[in-house]
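Below are some notes for a colleague who has the model open.

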Amino acid sequence: MFFQQVINGLSVGGIYALMAVGYSLIYSLLNFTNFAHSITVTIGAFATFYFLAEVFQNIYAGILFAIVVAGILAMLIQILGYSVLLKKNAQRIYLLITGLGISTMCDNLVIIAFTSRFRVYPANFSTKAINVFGATVGTIDLIILAVSAVALIIVQLFIKKSRAGLAIRGASFSLETASIMGINTQKLILIVFLIAGALAGLAGALLGAKYTAYPALGSNMANKAFISSVVGGLGSITGAVIGALILGIGEVLISGYVSSAMRDIFSYTLLVIILFVKPSGLMGVDTGERA
Amino acid sequence: MLRVENLSFSYGKIQAVRNVSFEVKKGEIMAIIGSNGAGKSSLLKCVAGLLKPQTGKIYMEGEALEASAYKTVEKGVCLIPEGRWIFSNLTVEENLILGGYTSKTVAQGIERSYDMFPRLGERRNQRAGTLSGGEQQMLAIARGLMSNPKVLLLDEPSLGLAPLIVNDIMKIIQDANKAGVSVLLVEQNARKALKIAHHACVLKHGTIVKEGTGTELAQDESILSEYLGNVNKNKKDRLIINA
């Protein structure tokens, strides 16, 4: 029973991590929280649903489609929403407010476009349960866990080993310094939004598979991911993953052993405690004005 | 080679640079000296594309430069800013690699940097934030040279460094120049700058008030006393200027 809960918690935590890393990446580069992130999650789920319903009934193809769509959407949000403000070097709080506006607007547009019905994917992962060390574990949870882990490792390798990844790490220290190295920082910011969006699209597609696709999916889940990245330390990718896993496992264990009504109370209490004890988060560093 | 024409820049109502024109010729070291707030750094940031001048143009080898930092680097003009701006979260080597972001010869560039500054080679895997001030300035210069620039813009390279290390830094600038890089050097440390400059001008309240060769200006005590503090009165003041 316990083992089963932990696997379930890791799969939930894995999805949170996919979204939390997006928050952290953008925060580390631009020092603000991209509240429009949640819409890319919702669109990820709907893109998968419509791809499966209309085009081709293969869940993996659907997920790939969602990654592409959400990645493009995130870049559009940067180009249409934030880039103007960034060029004017606006205070970060205005970017944050813009993000909230985009998020609210898009949530409502999604309801208008797709109605608020819950939609079940016409094709999904196997619902069979398998036996691992005497515990029954859902195949879907194992797949979600594996897919999230692979995606996070790829992103981590990209950041640590590639030339663009080095530029991102440099730019996260100072965008202006990066620009006098000959780095096109506008392009770099776009790449970071693409990565964040692609991960969010993957998260949305997986959430749709585990639960269903519905308009509030993104904001419900991205809230948890935001808590994860604050708990782990905003701006730190490792921190975001650690925070997400703590939150995922914690939530599942609380709902399993205490009460599922306590699940959200646990998340927010954890957030409050961290903000009291270590405001910069588990792996965070404190510097300057941020929003 | 690098020509600035009628450049003006203001922060809101405060005018930092007024109608400045000059040219850095191929292969020379040109120095711009002036006291605090004379507009030296603003001028250099405009040239580097970090600030957008309200009026005026900057030409590199006859081509107008846009107010875009990364495009300026691509044209062969590289800024080593005041305060060095080292990526202190990255290692020494990663700093150099980023310096060579536009270069196709990164490996050779790193080798050349370590030949030039053996201390950096010893510390290649150390985080750059742990280096001393002098080492950070060396790293900043090495990183600037990584892009194989035609013109190097140096903003106060002597700032905050001990006199002996300042001499080292000036020697390095001369070496880079002898290797074929034109240099635009902005300095408060007038004596040191004029000693290595082929050609220099004095900036005051955002305008160029005097031009000449380095030696001419260095001998013109009135310039040193008028714009850079009094040199002849007593030893204490001389220390300030020489420091």
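1. Buried means under 20% relative accessible area, exposed over 50%, and partly exposed in between, with a 1.4 Å probe and protein chains only. A:Gln78 has 1% relative accessibility, so this residue counts as buried. A:Gln78 lies in helix 3 of chain A, residues 59-87; helices (H or I, at least four residues) and strands (E, at least two) are DSSP runs numbered from the N terminus.

2. This is a predicted model, in which local features need pLDDT of at least 70 and side-chain atom pairs count only at pLDDT 80 or more, while totals for chains, interfaces and linings use all residues. Residues are numbered from 1 along each chain as its sequence is written, chains are lettered from A and ligands numbered from 1 in the order in which they are written, and side-chain values use heavy atoms, with hydrogens and water left out.

3. What does A:Gln78 contact, neighbours within four places in sequence aside? The partners are A:Ser83, A:Leu86, A:Gln186, A:Ile189, A:Leu190 and A:Phe193, where contact means heavy atoms within 4.5 Å.

4. Chain B has an open sheet of six strands in the order 6-7-8-3-9-10, with mixed pairing; two strands pair if DSSP finds at least two bridges between them. Strand 6 and strand 10 (207-213) of chain B are at the edges with a single partner strand each, so one side of each has no neighbour in the sheet. On average, neighbouring strands of this sheet are turned by 15° against each other, direction ignored. Axes are lines fitted to C-alpha atoms, for helices over the stretch in contact, and angles run from 0 to 180 degrees between N-to-C directions.

5. Strand 3 (residues 29-33) and strand 9 (residues 199-204) of chain B pair in the parallel sense over four bridges. B:Ile32 has B:Cys201 in strand 9 of chain B as its bridge partner.

6. Two helices of chain B pack on this sheet. Helix 1 (residues 40-48) of chain B touches strands including strand 6 and strand 9, and its direction makes about 150° with that of strand 7 (151-155) of chain B. Helix 7 (residues 163-178) of chain B touches strand 3, strand 7 and strand 8, with about 155° between its direction and that of strand 8 of chain B.

7. The largest cavity is lined by residues including A:Ile180, B:Ala48, B:Thr72 and B:Leu153. On a 1 Å grid over the protein atoms alone, a cavity is a set of points where a 1.4 Å probe fits but cannot get out, and lining residues have an atom within 4 Å of a point. Helix 2 (69-74) and strand 6 (77-80) of chain B each supply at least two residues of this lining.

How values were computed
1 Å grid on protein atoms, 1.4 Å probe; cavity = no way out; pocket = protein on both sides within 12 Å on 5 of 7 lines; lining within 4 Å.
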